Number of protein chains: 2
Amino acid sequence: MTLLRTSRPARADRGIPDATVARLPVYLGALAELADGGRSTCSSGELAEAAGVNPAKLRKDLSYLGSYGTRGVGYDVAVLRHHIARELGQTQTWDVVIVGAGHLGSALSAYHGFDARGINVAAVLDTDPARIGTELAGVAVRPFDELEDVVEEFAIAIAVVATPGEAAQDVADALVAAGVTSILNFAPAVLQVPETVTVRKVDLSIELQILAYHEQRRASSVEAADEEVAG
Amino acid sequence: MTLLRTSRPARADRGIPDATVARLPVYLGALAELADGGRSTCSSGELAEAAGVNPAKLRKDLSYLGSYGTRGVGYDVAVLRHHIARELGQTQTWDVVIVGAGHLGSALSAYHGFDARGINVAAVLDTDPARIGTELAGVAVRPFDELEDVVEEFAIAIAVVATPGEAAQDVADALVAAGVTSILNFAPAVLQVPETVTVRKVDLSIELQILAYHEQRRASSVEAADEEVAG
DNA sequence: CCTTGTGAAGCTGTTCACAGCC
DNA sequence: GGCTGTGAACAGCTTCACAAGG
């Protein structure tokens, strides 16, 4: 915790671009697969294909972390994994709290693959007495009232909101008051939080609506083409 | 289905920008709330706040759909809802198939709020005999083998992949072969599909890793500030 | 007067193409 | 020779600031 790093690399001033940060976990996953497959080294082309991105983009992304490749050879899988994991904060385990023990909260608690990514579900909270005391994937559901205790007990910085939309803002307010600084919001609601708090939103229904838009476009362009042929 | 639209607005040539399409469902949700609250009209400022975006961005987004506001007044809530819903293809109901009846598949089947957005879960498929025949939110889980029948029966264009990562690519291949052209992928895997197919990916673990990155940055900048004070 | 609609400026992210280095 | 790392060109998105118009 008391690493001295007086002269951190110059580019760290404003950090890594958001778009790059969003891809680093994908690269990490691809590297894990390569390592499982026995590969100890790989080129930007191979890794880019496994991650589904353009090789130039991959190299530029990695260049924000430093120069960990070898020209003419490629990247050492283990070394690169280490550096990406470190940049993402995976040298420690992050305890998170999930608020809402409904279907989605249950699914999240049971999600395999958190452990390997440095994420631990420390607690699940709910207001419904019928759910409190039940167990989800080995974690007991606790009353929402205990939020402050839980945040303190596990030094929690990251919370997941998996409540109905109506409850989400109140939950977010309570999370912020308790000291949480990052929120992953699954509720269909736009959360208002202080700008010191990071929010990411995932809305299942929105994702499908976006796909429906593309389907509709396809349908109407086919129709237009038909008309052209017919006309 | 046989709407004639010979001269669609000129900008439709290349369609609406992706970034805008991704926000339209958010605007639609905000408009629904305003309508529920009895509002019949609203300004770009109000709507922008409810949607959590900059007002200029909102106006530019809406301008891609046409000029449906009134200068000096604002937008008619009902009119705007209509036009956005139409653009997103919500004049019809989209039947979707969910592949994978595990925790996530169950949560998705039970998700309220699809109906109001023109989404209907027509079928849930799984390969596990223990799950086949069980019922999820009123829909029977059917064998994965029946994919082609289901796609044909409901004229399905959109599918949701909620399987483990290992199965995802095989499932995607089968979906594409069956004629599905849009896939929402929840599995932790990068899907390879023909470029005629649209894929969107949601990875729960990736979202948390991104938040962990921000937390780590916060932690190390606090540390750096401490050093500065101490030094 | 008020709010929309939009050129233009600025910023962020992507891609290219090649110099640098093993 | 081959692959990385990166400046420079490009594309797309956001924001500004103001003209247009009720």
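These entries record what I looked up in a predicted model.

**Entry 1: overall form of chain A**

I began with the secondary structure of chain A, which comprises 8 helices and 10 strands. I then compared its radius of gyration, 22 Å, with the 17 Å that the globule rule gives for 231 residues; the value is well over the rule, so chain A is more spread out than a compact globule. The C-alpha trace of chain A spans about 70 × 60 × 35 Å along its principal axes. I noted that 38% of the 231 residues of chain A count as buried. I also looked up the contacts in chain A with a separation of 6 or more, and found that residues 24 or more positions apart account for 53% of them.

**Entry 2: the side of chain A that touches chain B**

I turned next to the contacts between the chains. On the side of chain A 50 residues take part, and they are in contact with 50 residues of chain B. I listed the elements of chain A that each supply at least two residues to this side: the helices α1 (18-36), α2 (44-51), α5 (103-110) and α8 (204-230), and the strands β4 (94-99), β9 (182-185) and β10 (198-201). Which element gives the most to this side of chain A? I found that α8(A) does, with 15 residues.

**Entry 3: strand β4 of chain B and its partners**

In chain B I examined strand β4 (residues 94-99), which is mostly covered, as 5 of its 6 residues are buried. I traced its pairing with strand β5 (residues 119-126) of chain B, which is parallel and extends over 6 bridges. Within this pair, B:Val96 stands opposite B:Val121. I followed the chain from β4(B) to β5(B) through helix α5 (residues 103-110) of chain B, and recorded this β-α-β crossover as right-handed. β4(B) also runs parallel to strand β8 (residues 158-161) of chain B, to which 4 bridges join it. Here I noted B:Val97 opposite B:Ala159.

**Entry 4: B:Tyr111**

I located B:Tyr111 in the loop between α5 and β5 of chain B.

**Entry 5: helices α2 and α3 of chain B**

I checked how helix α2 (residues 44-51) of chain B packs with helix α3 (residues 55-63) of chain B; the angle is about 105 degrees and the axes are 8 Å apart. That angle makes α2(B) roughly perpendicular to α3(B). On the α2(B) side I recorded B:Ser44, B:Gly45, B:Leu47, B:Ala48 and B:Ala51, which meet B:Pro55, B:Leu58 and B:Arg59 in α3(B).

**Entry 6: the open sheet of chain B**

I then read the order of an open sheet of 3 strands in chain B as β1-β3-β2, with antiparallel pairing. Its edge strands are β1 (41-42) and β2 (69-70) of chain B, each pairing on one side only. I found 2 bridges between β1(B) and strand β3 (residues 74-76) of chain B, in the antiparallel sense. B:Thr41 has B:Asp76 in β3(B) as its bridge partner. Finally, I noted that helix α4 (residues 77-87) of chain B packs on the sheet and touches β1 and β3 of chain B, its direction making about 75 degrees with that of β3(B).

Technical notes
Residues are numbered from 1 along each chain as its sequence is written. Chains are lettered from A and ligands numbered from 1 in the order in which they are written. This is a predicted model: local features need pLDDT of at least 70, side-chain atom pairs count only at pLDDT 80 or more; totals for chains, interfaces and linings use all residues. The radius of gyration is taken over C-alpha atoms; the globule rule is 2.2 Å times the number of residues to the power 0.38. A residue is buried if 20 or more other C-beta atoms lie within 10 Å of its own, exposed if 12 or fewer, and partly exposed in between; C-beta atoms are placed from the backbone. Two residues are in contact if their C-beta atoms, placed from the backbone, lie within 7 Å. Two strands pair if DSSP finds at least two bridges between them. A crossover is right-handed if, with the strands pointing away from the viewer, the path from the first strand over the helix to the second runs clockwise. Axes are lines fitted to C-alpha atoms, for helices over the stretch in contact, and angles run from 0 to 180 degrees between N-to-C directions. Angles under 35 degrees count as roughly parallel, over 145 as roughly antiparallel, 65 to 115 as roughly perpendicular and the rest as oblique.
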